[in-house]
Structures are given as structure tokens and as C-alpha cells.
Amino acid sequence: MSEYSEPTKFIDLAAQQKLIRSQIDAAIKKVLDHGQYIMGPEVAELERQLCVTTGAKHALTCANGTDALSLVLMAWGIGLGDAVFVPSFTYVATAEAPAQLGATPFFVDVCENTFNLDPQSFKQAIIDSRALGLKPAVVIAVDLFGQPADVDAITEIAHAENIRVLVDGAQSFGATSKGRTVGSMGDATTTSFFPAKPLGCYGDGGAVFTNNDENAEIINAIRLHGKGVQKYDNVRIGLNSRLDSIQAAILIEKLKLFPKELELRSRVATNYAELLSDLVKVPRLLTGHTSAWAQYTLIIDSRDQVQRKLAKHGIPSVVYYPIPLCKQTGYKHYPVVKTGTCVSSRLSNNVLSLPMHPYLSLRSQKFIAQQIIDITKS
Ligand SMILES: Cc1ncc(COP(=O)(O)O)c(C=O)c1O
């Protein structure tokens with residue numbers, strides 16, 4: 001039995017809620033009072049604030065981060081015969097959105113030091129997709145675990161080949177790359193407000209960011225059943241994908257805490273690095289990058305042993321992601337870059353995400369680190 005009594009949560013949403021519960025209650029009450037549950041004033045206000053936070057010209061909220069990807073791909077007319085390049089080491093939604101539209105998710109490897117899409121592997125995949133008779137159309141650069149992908153290198157390769165860059169920022173809202181905030185990079189960016197995300201609501205939610213006026217207009221129409229000038233004028237196939245006014249009201253309250261929470265997450269990450277970097281591979285940031293630290297993920301040979309030991313002491317840890325997407329039953333028939341995805345496979349065997357949230361105590365972190373040190377030294 002552990003002598004350690006402080007309960008450690010993987011993500012502590014209750015600690016955050018305690019700080020802002022009365023403001024959240026008041027914000028929800030306001031929506032109940034005015035009764036505009038769909039596309040109410042809170043949605044417009046949140047979208048205005050999201051533009052200010054990200055620097056994007058347009059922010060369009062929607063039902064979730066998966067729909068956000070679909071909205072962009074639909075607005076760009078992506079479908080049958082199009083190759084959409086996606087990292088093999090990511091959450092399934094990244095490949096699901098293009099697959100649902102009849103396009104071909106084309107699996108590319110990632111870089112071990114960042115977990116993000118490898119530009120060289122992407123370059124090879126473009127050649128391979130043409131050999132298969134596909135049209136290279138879009139690359140989805142995922143900002144895994146909170147750090148932005150190398151968007152400049154990816155964009156240089158993509159734009160030279162007329163390929164659009166869609167940044168999947170589901171895990172990186174609030175992160176930056178060379179002074180630019182997530183939401184302002186790529187040809188469009190998406191994010192998720194799933195409760196466990198760095199900025200999460202109390203249900204499902206998502207958003208698209210773009211600087212392109214025409215794309216914004218089309219995405220707005222698609223999220224509202226493909227409406228034209230009026231509601232019952234349906235000019236294209238769309239979706240029913242809106243953020244509820246109540247969720248927008250909650251996000252407005254949470255946005256007030258968000259800058260401070262980003263700082264606290266960053267401090268937690270620095271503490272872990274100081275405690276563990278001599279013994280295991282800790283996450284590294286590219287020069288000029290900050291992370292939203294959605295996850296703090298180690299690369300560790302004795303992963304399963306460490307996870308069991310942490311569990312014995314009541315400390316949760318999670319393997320994101322145990323199977324690369326190109327090996328998943330539902331996706332293994334899609335093409336993979338000729339040079340393979342061995343980094344993705346290796347990571348699936350060796351990654352372990354530790355508790356990470358703004359309110360994690362240093363005492364908890366020291367205890368967690370000690371368990372890992374004990375195992376790696378034994
Ligand atoms: C990388 C990535 N893309 C897309 C999504 C989809 O977001 P949602 O769950 O809001 O649909 C997620 C959610 O976990 C994600 O991690």
C-alpha cells in the first residue's frame with residue numbers, strides 16, 4: 001500500500017470548476033433567461049473573443065473538433081480521388097473526417113522528438129499518392145499533445161504542390177510558433193473544446209479558424225445545413241454542427257482563466273522535465289515554440305511496468321495512442337508512405353502520458369517522478 005495519500009487526477013476539472021463555479025452558474029442562468037439556446041448572443045461573443053485570442057480573422061464555432069475538420073474539408077470540396085495526408089500517430093478523428101467524405105487518408109510518419117508530422121515523410125507520400133492515381137489535396141498537420149507542428153516546413157512543401165494545409169489544433173489551443181498563436185497558421189485551423197482539452201467546455205464543442213473570407217462564408221453555411229441567404233434556402237449539402245449557447249457561455253468564463261492556466265501547465269511541464277529528464281526521454285519543444293501541454297508524454301522503454309507501478313499507488317497514466325492509425329482495423333486498407341511509419345509504431349509501444357493539469361501539486365509530481373526513477377534504476 002502507498003504511504004502517499006494525496007489523490008492525483010489525470011486531469012482535474014473539478015479544481016478549475018471550484019474557482020469559477022458561481023460565474024458559470026450565472027452565465028448558464030443568463031442563457032436560460034433569454035432562451036436563445038441555438039446561435040444565441042454568447043456564440044457571437046465567444047467567436048469575437050476567439051478571434052482576439054488567436055489572431056485569426058474568422059472563428060466559427062461548431063459541434064465538436066471532428067466536425068470542425070469536416071467543415072473545412074467540405075468547404076474545400078475534398079472527396080473521392082483526393083489524398084489527404086495525415087500522421088499515423090494521432091487521434092482517429094484526423095483520418096476519420098477525410099475518410100467520411102470519400103477521400104483517401106494517406107498515412108505519413110512522425111518525428112520522434114516532437115510526435116508531429118515528419119516533413120520528409122510527407123514529401124515522399126506526395127510522390128507515392130500520385131503513383132496510386134490520387135490527387136494530393138490536403139495535409140492535416142496535427143499539433144499533438146499541445147505543441148504546434150513544424151507548420152513552416154510543411155507549408156513550404158505543400159504549397160509548392162498546390163496542397164492545402166489544415167492545422168488540427170484540437171490539442172494545442174493557446175500554443176504558439178514563432179510568435180504566431182494556434183488558429184492563425186496554415187490555410188485553416190481547427191480545434192476541439194472537448195472537456196479534457198486545454199480549453200474545454202462541459203460537453204462537445206469545436207471551432208474553425210481562417211483568414212479567408214470566402215472559406216468562412218462557406219463554412220458558416222455548411223454548419224447550418226448548407227443554408228443560403230435564408231434559413232430555408234439550402235444551397236449546398238451541409239451539416240447540423242453548431243455550438244450550444246450554454247457551451248459558449250461556459251467557454252467565455254473559462255477563457256478568462258485560460259492565460260493563467262497556460263502558465264501553470266507550463267510550470268508543471270518544467271517541473272516534470274527537471275525531475276525526469278536525466279532518466280527518461282521527456283518532451284522537447286522546437287525553437288520558438290510554446291505548448292498548450294494538453295498532455296505530458298514520456299518515451300520510456302519500461303512503459304508497462306511504470307504504468308502498473310503508478311496504478312498501484314492510485315496514480316492514473318494513459319497511453320496515447322496504443323495503435324498507430326495505419327494499423328487500426330478500420331483504417332489499415334488506406335495507403336501508407338513507402339518509407340513506412342516505424343517511428344509511429346515505436347512511439348505506440350513506448351509512450352506514456354502522466355497526470356497534467358494546471359492544479360497538479362509539486363508534491364504529486366515529485367511522488368510520480370520517484371516511482372519512475374525507482375523502476376528505471378532497478
Ligand atoms: C488530434 C485530434 N483531432 C481531432 C479531435 C476531435 O475532437 P472532438 O473530440 O471534439 O471531436 C481530437 C479529440 O480528441 C484530437 O485529439
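This is a predicted model: local features need pLDDT of at least 70, side-chain atom pairs count only at pLDDT 80 or more; totals for chains, interfaces and linings use all residues.
Trainee: Is strand β8 enclosed or open, and how many of its residues are buried?

Mentor: Five of the five residues of β8, which spans residues 188–192, are buried, so the strand is largely enclosed by the rest of the structure.

Trainee: Which way do the side chains of β8 point?

Mentor: In a regular strand the side chains alternate between the two faces of the sheet. Here A188, T190 and S192 point one way from β8, while T189 and T191 point the other way, and all of them are buried.

Trainee: Which strands pair with β8, and in what sense?

Mentor: Strand β5 (residues 164–168) runs parallel to β8 and is joined to it by three bridges, with D168 standing opposite T190. Strand β9 (residues 206–210) pairs with β8 in the antiparallel sense over four bridges, and there T191 stands opposite A207.

Trainee: Which residues come nearest to the ligand?

Mentor: Of the 15 residues around the ligand, N64, G65, T66, A170 and S192 come nearest; S192 is also one of the buried residues of β8. Helices α3 (65–75) and α4 (93–100) each supply at least two residues of the shell, whose residues divide into five nonpolar, eight polar and two charged.

Trainee: Where is E274 placed, and why does E274 count as exposed?

Mentor: E274 lies in helix α8, which covers residues 245–276. E274 counts as exposed because it has 12 C-beta neighbours inside 10 Å, and a residue with 12 or fewer is classed that way. The C-alpha atom of E274 is separated by 9.9 Å from that of A369, although the two residues are 95 residues apart along the chain.

Note on methods. Residues are numbered from 1 along each chain as its sequence is written. A residue is buried if 20 or more other C-beta atoms lie within 10 Å of its own, exposed if 12 or fewer, and partly exposed in between; C-beta atoms are placed from the backbone. A residue is near a molecule or strand if its C-beta atom, placed from the backbone, lies within 6 Å of it. Ala, Val, Leu, Ile, Met, Phe, Trp, Tyr, Cys and Pro count as nonpolar, Asp, Glu, Lys and Arg as charged, and the others, Gly among them, as polar. Two strands pair if DSSP finds at least two bridges between them.
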